[in-house]
Amino acid sequence: MTRTMPQPDPSPILQTAFAFWSSKVLLTAVDFGVFTRLRDRRLTGRELGAELGLHPRGIADFFDSLVAMRFLEREGDGASAKYFNTPAAALYLDKDSPRYVGGILIMLNDRLFKFWHDLPEALRTGRPQNEIKHGQKGMFEELYSELPRLEQFMGAMTGLSRINFEALAEKFDFSRFKTLCDVGGATGLLSIEVARKHPHLKCTSFDLPPVEPIARKHIATAGLGNRIGTAAGNFFKDPLPRADVITMGMILHDWNLEKKKHLIRAAYDALSANGALITIEALIDDARRENVFGLLMSLNMLIEFGDAFDYSGADFQEWCIEAGFKRFEVIHLFGPSSAAIAYK
Ligand SMILES: C[S@@+](CC[C@H](N)C(=O)[O-])C[C@H]1O[C@@H](n2cnc3c(N)ncnc32)[C@H](O)[C@@H]1O
């Protein structure tokens, strides 16, 4: 009897090839505010479609795709069926939920979806493919030249980072440290999450001058103005504020190797004796085989900046040893993200 080898499964090829269809449906739903409109409501397709100004042709396909993808639920079948949010959509995709992560989906839809179309060109040239492709400005200078774009970027960072910052506040032992400076702190979210959980800590959120008023507003709203201060500056020109812990959430991955090393040295200089530098990233596994999201994030840095790239815990350790750090650890945070920690 001849034994035939089982055929490899083609499903992963097809799932990945078509993934942009489902991605675009979810991103469009967030952009339209589907989940915000459905807060505490159940609507028929016709009612929801009318509120969103949709043509009848796509209504059932659009909402039922979201049901099949488990982002919406549907009670009943046919024209009288009513759509409502799944628990996860209600928590993470309703704009007014305190745990909203949709900011990153809005930016993916508005910017990155079209910039990734030029991945082939990025791979051939090593050049960025975003707004700076045809201009002279740097990425942050370009993004921050218009307030709506600055605010969209800040919202995106909140969406991507909140769960990791909550995990850091939970998992890292802050008990022996008194002060923390979050470098590139954006809205102040890391300081807010850590200060909430660790009442003995005083925090500073450091970022470029246009970002400072946004951070101040968020810190005041969180009622933490007495424990979190802000500082404005340029981390390539100014010394970093002194602290026992320096955190950098998705900062090092924005820059090339020379600038990464500059920031690690600046952190070393600003840390007190026995202080800790913590970077939070979609840290690539050392063998570069497993963390798909981290590897794709690094390609995204090619699209956004050209010479910037994501890195592994081993890379981080090597650069930190050069700067004088003595001890290292990696703490897994959430999903593909981890904290890489270097102790002075
Ligand atoms: C990718 S975002 C990360 C935001 C936040 N740490 C997080 O993890 O969600 C990078 C941050 O670095 C800030 N940044 C960029 N260039 C800077 C510079 N030269 N000096 C200070 N901050 C800078 C940006 O304004 C932005 O808030």
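Good morning. The model is a predicted one, in which local features need pLDDT of at least 70 and side-chain atom pairs count only at pLDDT 80 or more, while totals for chains, interfaces and linings use all residues. Residues are numbered from 1 along each chain as its sequence is written.

I begin with the ligand. Which residues are the closest to the ligand? They are Met 157, Ser 161, Gly 184, Ala 186 and Gly 249, and 16 residues surround the ligand in total. A residue counts as near a molecule if its C-beta atom, placed from the backbone, lies within 6 Å of it. The shell consists of 9 nonpolar, 5 polar and 2 charged residues. Here Ala, Val, Leu, Ile, Met, Phe, Trp, Tyr, Cys and Pro count as nonpolar, Asp, Glu, Lys and Arg as charged, and the others, Gly among them, as polar.

I turn now to the strands. Strands (E, at least two residues) and helices (H or I, at least four residues) are DSSP runs, numbered from the N terminus. Two strands pair if DSSP finds at least two bridges between them. Strand 3, residues 82-85, pairs with strand 1, residues 43-44, in the antiparallel sense over 2 bridges. Strand 3 also runs antiparallel to strand 2, residues 72-75, to which 4 bridges join it. Tyr 83 of strand 3 is the bridge partner of Leu 43, and Arg 74 likewise stands opposite Tyr 83. Between strands 2 and 3 the hairpin has 6 residues, and Gly 76 takes a positive phi near 85°.

Asp 182 stands opposite Ser 205 in strand 5.

Finally, I consider two helices. Two packed helices are described by the angle between their axes and the distance between the axes. Helix 13 (residues 257-270) packs with helix 15 (residues 313-323) at an angle of about 55°, and their axes are 9 Å apart. Axes are lines fitted to C-alpha atoms, for helices over the stretch in contact, and angles run from 0 to 180 degrees between N-to-C directions. Thank you.
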